[in-house]
Each structure stands twice: as C-alpha cells, then as structure tokens.
Amino acid sequence: MDINLLFKIAAIGILVAVLHQVLVRAGREDQAMMTTLAGLVIVLSMVIQEISSLFDSVRTLFNL
Amino acid sequence: MEEIIKIIGIGLVALVIIIILKQYKPEYAIYVSIIAGILILFFAIEKLTGIIELLQSISNKTYINQQFLGILLKITGIAFLTEFAVSVCSDAGEKAIANKIEIGSKVIIITMSMPIIKSLLELIMEILP
C-alpha cells in the first residue's frame, strides 16, 4: 500500500509493451494480444484490490 | 508539512509514469492514475478520522440529534466516493458516465436526507402560528 505499487504497475505496463513489440516483430500477433490481455488482467486485479480496500476504509470511517 | 510533501510526491511521480506509459500502452495510464488517486485518498482518510471523532464528541455534548450527525457523515462519505469515481471517469474521457454517477449520487443523498428535511418542516410548522 505504498508508492511501490505505482512502480509495479508501470513496470508491468512497460514489460507488456516490450513483449508486445517483440512478439509482433516475430510475426505472432495473436500471442502478442494474449500477453497484453494477461498484463491487463494482472494490473486490473491489483487495482481492484486497492479499490475494495478504499471502499472498506471509507465505509468503516463514515459507517455507511 | 510532512503529509503534503508525500501527497505532492505521489502525484508528480504518478504524472511522470503516466506520461511514459501513455506512448506505449495508454490503457495502463488509467490504472496508474486510479492507484495514485487511491493512495492520496488514503492520506486524506487518515486525517479525517480525527475530525470525525471531534465532531462526535462535540455532538454528544450539545443537544444535536445523534441520528442527524450519522446521516451527515453518511452523506459526506457518499460525496467522497462519488467525487473519486467522477474524476476518474472524466479523466478517462467518459464524461457521460461521470454525469450518470453524479446524478445517481445526488438522488441517493436526497433520499438519505429526507428525515432531516421532514423534521425541519415540522419545526417550522410549530413556530408558525
């Protein structure tokens, strides 16, 4: 729950971008699409965890 | 003083990361902005706990109805979350969704504040001859 979460997402993004380019150059467009989707799903699960913890803390704080 | 430096630092770091990511993978930029927003909101939430305890202690002393303070806190919480969602949606370019969220939260807030309005009207009725 700190700044390194930002760096983790940036690293995944750049890694997927590089992988995408490499796979596209190697002529495997479908696998490139797969890796992009996989990266998106991973980052989405991390973001959803953070959003749920935000909602829980707001709910307990304002006893919603 | 320490808190504000942390908040500004996170905002600027996220800004730099978003600019880099926008060229290669624009869809990741939205995630980075969401996460930065959440981190900054967590700092705000830590500060809010003290304020809310102060409010509750003051309301215990005075004759303010405890239920109304509960409703006020709920409405503040709803506004807090709605503002977060609206800014994320409009930042991503989806103004329509942002407006729908805004309308929805306004309706919820009005329905929650019905008891307060009702008791206010009753009070006015008593005062008027």
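Select Asn63(A) to begin: at 39% relative accessibility, this residue counts as partly exposed, a class that lies between buried (under 20% relative accessible area) and exposed (over 50%), with a 1.4 Å probe and protein chains only. The model is predicted, so local features need pLDDT of at least 70 and side-chain atom pairs count only at pLDDT 80 or more, whereas totals for chains, interfaces and linings use all residues. Residues are numbered from 1 along each chain as its sequence is written, chains are lettered from A and ligands numbered from 1 in the order in which they are written, and side-chain values use heavy atoms, with hydrogens and water left out.

Remain on Asn63(A) and inspect the backbone. Its phi is near 30°, a positive value in a residue other than glycine. Most residues other than glycine have a negative phi. Asn63(A) belongs to the segment that follows helix 2 (29–62) of chain A.

Next, select the whole of chain A. It contains two helices and zero strands; helices are DSSP runs of H or I with at least four residues, strands are runs of E with at least two, and both are numbered from the N terminus. The radius of gyration of chain A is 16 Å, well over the 11 Å that the globule rule gives for 64 residues, so the chain is more spread out than a compact globule. This radius is taken over C-alpha atoms, and the rule is 2.2 Å times the number of residues to the power 0.38. Along the principal axes, the C-alpha atoms of chain A fill a box of roughly 55 × 20 × 10 Å. Of its 64 residues, 34% count as buried.

Now colour chain A by charge. There are 4 positive and 5 negative side chains, and the centres of the two sets lie 5 Å apart. Lys and Arg count as positive and Asp and Glu as negative, without His and the chain ends; each charge is placed at NZ of Lys, CZ of Arg, CG of Asp or CD of Glu.

Move to chain B, which has five helices and zero strands. Its radius of gyration is 20 Å, while a compact globule of 129 residues would have one near 14 Å. The C-alpha trace of chain B spans about 70 × 35 × 15 Å along its principal axes, and 29% of the 129 residues count as buried.

Within chain B, select Glu102(B), which is found in helix 4 (residues 95–112). At 30% relative accessibility, Glu102(B) counts as partly exposed.
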